[in-house]
Amino acid sequence: MFSAGRSFSKPRNCSWTEAYGHVHNAPTAAHGDDWQQARSAAERGVDAQITAARIERELEEADFQDTGLGPEQERWLTLLNGGQLPRCAPTAPPAS
């Protein structure tokens with residue numbers, strides 16, 4: 001957990017893709033005791049819904065702009081760019 005004044009190192013080569021939707025998996029595979037089996041089942045379910053080629057194509061076509069960033073995101077940008085959350089009053093409401 002990050003708190004004000006605590007250092008955070010931004011990973012150098014970090015990326016991920018988030019996708020939301022319904023994936024069908026066998027309950028015994030997805031909720032069993034074998035973590036690797038559960039991960040493999042989830043991966044197969046996602047791969048059946050969307051291909052890596054489609055994800056790449058949509059990312060290339062996406063127009064990512066920072067125009068939606070405002071004062072609410074300033075704390076997180078400070079953490080990302082400077083490695084620390086800015087200090088705030090203990091009585092201040094949470095940032096998110």
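User: How many salt bridges does a search of the whole structure find?
Analyst: This is a predicted model, in which local features need pLDDT of at least 70, side-chain atom pairs count only at pLDDT 80 or more, and totals for chains, interfaces and linings use all residues. A salt bridge is a side-chain nitrogen of Lys or Arg within 4 Å of a carboxyl oxygen of Asp or Glu. When the whole structure is searched for such pairs, the number found is one.

User: Which side chains meet in a salt bridge, at 2.8 Å from N to O?
Analyst: Look in helix α3 (residues 52-61), where the two partners are four residues apart and therefore separated by about one helical turn. The N to O distance is 2.8 Å, and the side chains that meet are those of E58 and R54.

User: Does E58 count as buried, exposed or partly exposed?
Analyst: Buried means under 20% relative accessible area, exposed means over 50%, and partly exposed lies in between (1.4 Å probe, protein chains only). R54 has 36% relative accessibility and so counts as partly exposed. With its 38%, E58 also counts as partly exposed.

User: How many helices are there in the protein?
Analyst: Helices (H or I, at least four residues) and strands (E, at least two) are DSSP runs, numbered from the N terminus. The elements run α-α-α-α from the N terminus on. There are zero strands, and the helices number four.

User: How far apart are the end C-alpha atoms of helix α2?
Analyst: The expected span of a helix is 1.5 Å times one less than its number of residues. Helix α2 (residues 35-49) has 15 residues, so it should span 21 Å. The model agrees with this, as its end C-alpha atoms are apart by 21 Å.

User: Around the axis of α2, how wide an arc do its buried residues cover?
Analyst: The buried residues of α2 are A38, A41 and G45. They sit on the same side of α2, because the arc they cover around the axis (taken from the directions from the helix axis to the C-beta atoms) is only 65 degrees.

User: At the start of α2, which residue's backbone nitrogen does a side-chain oxygen of D34 reach?
Analyst: Start from D34 and follow its side-chain oxygen. Within 3.1 Å you come to the backbone nitrogen of Q36.

User: How far apart in space are I50 and A19, C-alpha to C-alpha?
Analyst: I50 is found in the loop between α2 and α3. At 19% relative accessibility, I50 counts as buried. Although I50 and A19 are 31 residues apart in sequence, their C-alpha to C-alpha distance is 9.0 Å.

User: What distance separates the C-alpha atoms of G21 and Q49?
Analyst: G21 has its place in the segment before α1, and its 68% relative accessibility means that it counts as exposed. G21 and Q49 are 28 residues apart along the chain, and their C-alpha atoms are separated by 8.6 Å.

User: What percentage of the residues of the protein count as buried?
Analyst: I50 is one of the residues that count as buried. The protein has 96 residues, and the share that count as buried is 8%.

Notes: Residues numbered from 1 in each chain as written. Heavy atoms only, no water. Polar contact = N/O pair within 3.5 Å; in protein donor to acceptor, adjacent residues only side chain to side chain.
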